[in-house]
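Notebook open, model loaded. I'm jotting down what I look up as I go.

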Amino acid sequence: MNTVTLKVNGKPASADIEARMHLADFLRDTQNLTGTHIGCEHGVCGACTILVDGVPTRSCITFAVACEQAEVTTVEGLDADEVATELRAAFSKEHGLQCGYCTPGMIVSARDVVLRMQEPTEHEIRVAMSGNLCRCTGYVGIVRAIQGVIAARRARGIAAIPGGDHRKALGPAGSGHATASANGTATRIRTSPAAPALAAATPAKAAAAPRQEADWKPQTTFTESFVVGHPVDEVWAFFDRIGEVASCLPGASLAGEPVDGHVEGQIRIKVGPISAEFQGVADVSRDEATRTGTINGSGKDKRSNSATRGLIGYAVKPGDKPGETRVDVSIGYTLTGVLAQFGRSGLVQDVAGRLIAAFVKNLEAKLSHQSGGGDAEAPPVITELDAGSLVSSVILGRIKRFFAALFGRR
Ligand code: FES
Ligand code: FES
């Protein structure tokens, strides 16, 4: 157990908690502040958004012990806040809510938009609010409510915070004052608020490097396997044609043919409201004797200033049935920058699983086309991931695991 002390809505709040408790549970379970809602617990839906040291933060992916001495403001703490009061009235007037589940997070994020952005367009408001999902109202009323409050405040001569438009980071991980030490206790430290942005900028430079450093190690690694209904020689030969392999991956394309095992390209990923287009480089290698290969790549999404490094290893071997091939894939990655907030291994694994399933379908279609005498340019059958069902499948997966754990214990 760890004793953590924060200031919540202007008052000291302390509790003995497990180091693994996230800030949303701390607020709801130890402080009885149930206005902070929990939707996905993956950092995706924004229902749990609160202010940590004045900056919107997803409390479901922030450890409470990392917030020692932080000033936390929940929706309850915004009861008397001028902007929140105007927003509540505007949400009611514009029908910006139905069930209200997303509303606490919406109000916290919308207040930030009103305070920061001087004259945002409708598109800019939608982008700024894209980290908050509403499953029942739709966004027209929400956006209109925010536009109305901004217009009214600017008409009254109340300007946005100078420079507020240029903030790049969504919020600190924790308080910006504290860090969890190795033994789990929270220690007060001072860090510059600019640190997250700088941390994101460093790998971005690495992404432009022509070759990958050989000794780089990924933060997270997981494995996947799939079976293809074609002989192992055919599949192994196909994996040598990098352009065709890339065309089987929804959203991926190459800038040109690989030169000396080095290739440039891009991949578009869309998960719910989050979309990113990583431009990058990769080194590919393969070993004929063991029928294994590696793809060592890095890329940068300019819009979010996020960067990723990845190391994919694969082994092609005969399947259990004659004429089938089993492919074992290990995926290692490190994600930095704004999108790292959504990079929890479970979510990334779900995205990768969905990408691989689509890849296998495209691969099967291409191989069947080729073995049937067709040319190599058969179009892929799946060109885009179904983002809506992806988010649903993540949530459904969590529900299934919850019931499995519940009944497994009995
Ligand atoms: S519950 Fe935190 S982002 Fe969904
Ligand atoms: S009002 Fe129901 S989820 Fe937004």
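**Ground rules.** I call a residue buried under 20% relative accessible area, exposed over 50%, and partly exposed in between (1.4 Å probe, protein chains only). This is a predicted model, where local features need pLDDT of at least 70, side-chain atom pairs count only at pLDDT 80 or more, and totals for chains, interfaces and linings use all residues. Residues are numbered from 1 along each chain as its sequence is written, chains are lettered from A and ligands numbered from 1 in the order in which they are written, and side-chain values use heavy atoms, with hydrogens and water left out. Helices (H or I, at least four residues) and strands (E, at least two) are DSSP runs, numbered from the N terminus.

I looked up Glu41 in the loop between H1 and E3. Its phi is near 55°, which is positive although the residue is not glycine. Glu41 has a relative accessible area of 25%, so I log it as partly exposed. Gln69, in the loop between E4 and E5, also has a positive phi without being glycine, near 70°. With 35% relative accessibility, Gln69 goes down as partly exposed.

**The sheet.** What is the order of the five strands? I read E2-E1-E5-E3-E4, an open sheet with mixed pairing. Two strands pair here if DSSP finds at least two bridges between them. Strand E2 (11-17) and strand E4 (55-58) are at the edges with a single partner strand each, so each has one side without a neighbour in the sheet. On average, neighbouring strands are turned by 40° against each other, direction ignored. For angles in general, axes are lines fitted to C-alpha atoms (for helices over the stretch in contact), and angles run from 0 to 180 degrees between N-to-C directions.

I then checked E3 (residues 49-52) and E5 (residues 71-73): they run antiparallel and are joined by two bridges. Leu51 sits opposite Thr73 in E5. Helix H1 (residues 23-30) packs on the sheet and touches strand E1 (2-8), E2, E3 and E5, its direction making about 100° with that of E2. H3 lies across E3 and E4, at about 50° to E3.

**Helix H5.** Among the buried residues of H5 I noted Gly141, Val143 and Ala145. Its buried residues pack against helix H2 (82-93), helix H3 (103-116) and helix H4 (122-128). Gly157 follows H5 and has a positive phi, near 85°.

**H3 against H5.** The two axes come within 10 Å and cross at roughly 35°. On the H3 side I find Met106, Ala110, Val113 and Val114, meeting Ile142, Ile146, Val149, Ile150, Arg153 and Arg154 in H5. By class, that contact has eight nonpolar, no polar and two charged residues. For this count, Ala, Val, Leu, Ile, Met, Phe, Trp, Tyr, Cys and Pro are nonpolar, Asp, Glu, Lys and Arg are charged, and the others, Gly among them, are polar.

**Last look-up.** Setting aside neighbours within four places in sequence, Arg153 is in contact with Glu82, Val83, Glu86, Val114 and Ile158.

Technical notes
Contact means heavy atoms within 4.5 Å.
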